[in-house]
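I opened the notebook to record what I looked up in this structure. The entries follow in the order I made them.

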Amino acid sequence: MSVAKSVSLTLEEFLNLPETKPASIYIDGEIIQKLMPKTCHSRLQAKLINGINQVTEKRQIAYAFPELRCTFGGRSIVPDVAVIRWQQIQFDNHGEPVDDVLIAPNWIIEILSPGQSSNRVTSNILHCLKYGCQLGWLIDPNDRSVLVFKPHQQPEFCHQEDSLTILDGVDLELTVEQVFGWLKMKAESASH
């Protein structure tokens, strides 16, 4: 994340600015631009979203959104994956989701990128938990681990064959090894 020059903007003023690519977030009066995701980050993000939505969308349990702006509690953040329970998604008269999300996601998933501050990303997860989020994951591709955050509990370090905690009601079982196994795209050649 790159921190913008200290500009004294209110949250409302920030929300009226044009969107940036990659997205910018607003924390305590500070505008921070997210890093452009690289290949491994994008693949993990896509596989997680597809895996979650495959078991939740048809049964209207929840929906996993990529890079969804969520504004609440004085911050405007854009998690890598924001999972929102179906009954908390606001729909318009056409049955389409309303653009502005003014609640914390029920499950926030962040994937660390090279050069990204783990403390800043953790701060967003903790902010979400403070405002009603039930689960947070901080995925670190460098050491193939996941920190799992739950409200009012110590974070749990997961690696290798550890089973990951999934949002209640989502019928999905994953280990850390399975998540990082998604990065492999090319079969190894058989050596003779």
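Is Glu30 buried, partly exposed or exposed? I looked it up in this predicted model: Glu30 is partly exposed, at a relative accessible area of 26%.

Next I checked the partner of Glu30. Arg120 forms a salt bridge with Glu30, and their closest N and O atoms are 3.0 Å apart. Arg120 sits in helix H3 (residues 118-130) and Glu30 in strand E3 (residues 30-33), so I noted a link between distant parts of the chain, 90 residues apart. Arg120 is partly exposed too, with a relative accessible area of 30%.

I then counted the salt bridges and found four in the structure. Lys34 forms one with Glu67, the closest N and O atoms being 3.3 Å apart. Lys34 lies in the loop between E3 and H2 and Glu67 in the loop between E4 and strand E5 (70-72), so this pair ties together parts 33 residues apart in sequence. Lys34 also forms a salt bridge with Asp80, here with closest N and O atoms 3.1 Å apart. Shared partners join Lys34, Glu67 and Asp80 into one network. Lys34 and Asp80 are both buried, whereas Glu67 counts as partly exposed at 33% relative accessibility.

I turned to the largest nonpolar core, which has 28 residues; among those touching the most other members are Trp107 and Trp137. Helix H2 (39-56) is one of the elements giving two or more residues to this core, and H2 gives the most, with four.

Last, I looked at surface charge. Asp92, Glu96, Asp99 and Asp100 gather in a negative patch. Glu96 lies in the loop between strand E7 (81-85) and strand E8 (107-111).

Terms used: Residues are numbered from 1 along each chain as its sequence is written. This is a predicted model: local features need pLDDT of at least 70, side-chain atom pairs count only at pLDDT 80 or more; totals for chains, interfaces and linings use all residues. Side-chain values use heavy atoms; hydrogens and water are left out. Patches are made of residues with over 30% relative accessible area and no salt bridge: like charges are joined within 9 Å, nonpolar side chains (Val, Leu, Ile, Met, Phe, Trp, Tyr) within 5 Å. Accessible areas come from the Shrake-Rupley method with a 1.4 Å probe; for residues, only the protein chains shown count as cover. A salt bridge is a side-chain nitrogen of Lys or Arg within 4 Å of a carboxyl oxygen of Asp or Glu. Lys and Arg count as positive and Asp and Glu as negative; His and the chain ends are not counted. The place of a charge is taken as NZ of Lys, CZ of Arg, CG of Asp or CD of Glu. A nonpolar core is a set of buried Ala, Val, Leu, Ile, Met, Phe, Trp, Tyr and Cys residues joined through side-chain atoms within 4.5 Å. Buried means under 20% relative accessible area, exposed over 50%, partly exposed in between (1.4 Å probe, protein chains only).
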